[in-house]
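Try each task before reading its solution.

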Amino acid sequence: MGDEVTDALGSCALAGAAAPSVAANLALLHDPPLFDLEVASACNVECTFCPRRQLVRRRPLMDAETFEAVLDFLPDGATAMLSGLGDALLHPDLPELVGRLVARGVSTCATTNGVRLTPPRQDALIAAGIAELQVSVHGLEEATVRRVTPVGADPDAVRRHVERLARAGGPRLRINFVETEHNAHERPGVEAWASSLGARFFHRHQHTRGGTTGAPRLTPSRTGCGIFGAVTFVSVDGDVLPCVNDVRGTGRLGSVRETTWRAVLAWKQQVITAGRWFAPCSACDDDYRWVVLDRGGVTGA
């Protein structure tokens, strides 16, 4: 990043002096750049908390031209999470994409529901140099998983795949657990299972995805958003959006084909300083935005 960050963030100290929350949000822009890259907007399972029917995307998989633009757009020292609102393993060229990112100097991880995390797929990703695999496991009991993921779930296969990956001793492993009213009782068991595998455990509450699913659990009483400061989201179409929860793309800055990392930093600084947040933010009850803000960064990503 270097001079680009210095230039784009030159007024952070002045802006933050009058408002500690603004200062904390702006400070996140100085962290090593972290990207949420949606290489697939399609998914092979359907979870109750996912706004799949509200999702606005032009294509299910990131095409080669868009990926090349992403490679050109990413700044030095970046970390890429291949996540978004799809399952990265649906992209047939995922190992090649990971290899290209790694060759570019980008530390890369991927998030998956684990159904397609078969041994051959694991081996290909490990060979490509993937640093971490994050597997969404919302329960260990068949009945629980079926209530949270009514379409496409295969909890037995996911458990086999994860345990095999843990034995392989390759990339870091993280188990992601989204707590809902249907699986809260399973949280201790999933956490203990993750620990037994030497995996990290990441817990998050179900939330409204910017007002597109369910009823809010809580009314936001704070302003700002640590996720917006810490993570830059790029959709499968190459659009830079405020975050993954802007499922309709209403806050689009532009495409990676036409904008720069410096322009993104300037955009984020302007939004944070002016407090001009986006429409989905007003309906967002994701408490992780405050966790990131209070911790001063994304931990365990």
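**Exercise 1.** Is Ser21 buried, partly exposed or exposed?

*Solution.* A word on the setting: this is a predicted model, in which local features need pLDDT of at least 70 and side-chain atom pairs count only at pLDDT 80 or more, while totals for chains, interfaces and linings use all residues. Residues are numbered from 1 along each chain as its sequence is written, and side-chain values use heavy atoms, leaving out hydrogens and water.

Step 1: recall the classes, where buried means under 20% relative accessible area, exposed over 50%, and partly exposed in between (1.4 Å probe, protein chains only).
Step 2: Ser21 has a relative accessible area of 35%, so Ser21 is partly exposed.

**Exercise 2.** Find where Ser83 sits and which residues Ser83 is in contact with, leaving aside neighbours within four places in sequence.

*Solution.* Step 1: Ser83 belongs to the loop between strand 2 (79-82) and helix 5 (94-103).
Step 1: with a relative accessible area of 16%, Ser83 is buried.
Step 2: contact means heavy atoms within 4.5 Å. Beyond those sequence neighbours, Ser83 is in contact with Asp36, Leu37, Glu38, Ala40 and Thr111.

**Exercise 3.** Work out which residues of helix 6 meet helix 8.

*Solution.* Step 1: Pro119, Gln122, Asp123 and Ile126 in helix 6 meet His161, Arg164 and Leu165 in helix 8.
Step 1: sort the residues of this contact, and you get three nonpolar, two polar and two charged. Here Ala, Val, Leu, Ile, Met, Phe, Trp, Tyr, Cys and Pro count as nonpolar, Asp, Glu, Lys and Arg as charged, and the others, Gly among them, as polar.
Step 2: for the spacing, remember that an α-helix has 3.6 residues a turn, so residues three or four places apart point the same way.

**Exercise 4.** List the buried residues of helix 4 (residues 64-73) and what they pack against.

*Solution.* Step 1: the buried residues of helix 4 are Thr66, Phe67, Ala69, Val70, Leu71 and Phe73.
Step 1: their packing partners are strand 1 (34-37), helix 5, strand 7 (231-234), strand 8 (239-241) and helix 11 (261-274).

**Exercise 5.** How far apart are the C-alpha atoms of Ser21 and Ala157?

*Solution.* Step 1: along the chain, Ser21 and Ala157 are 136 residues apart.

Key: Helices (H or I, at least four residues) and strands (E, at least two) are DSSP runs, numbered from the N terminus.
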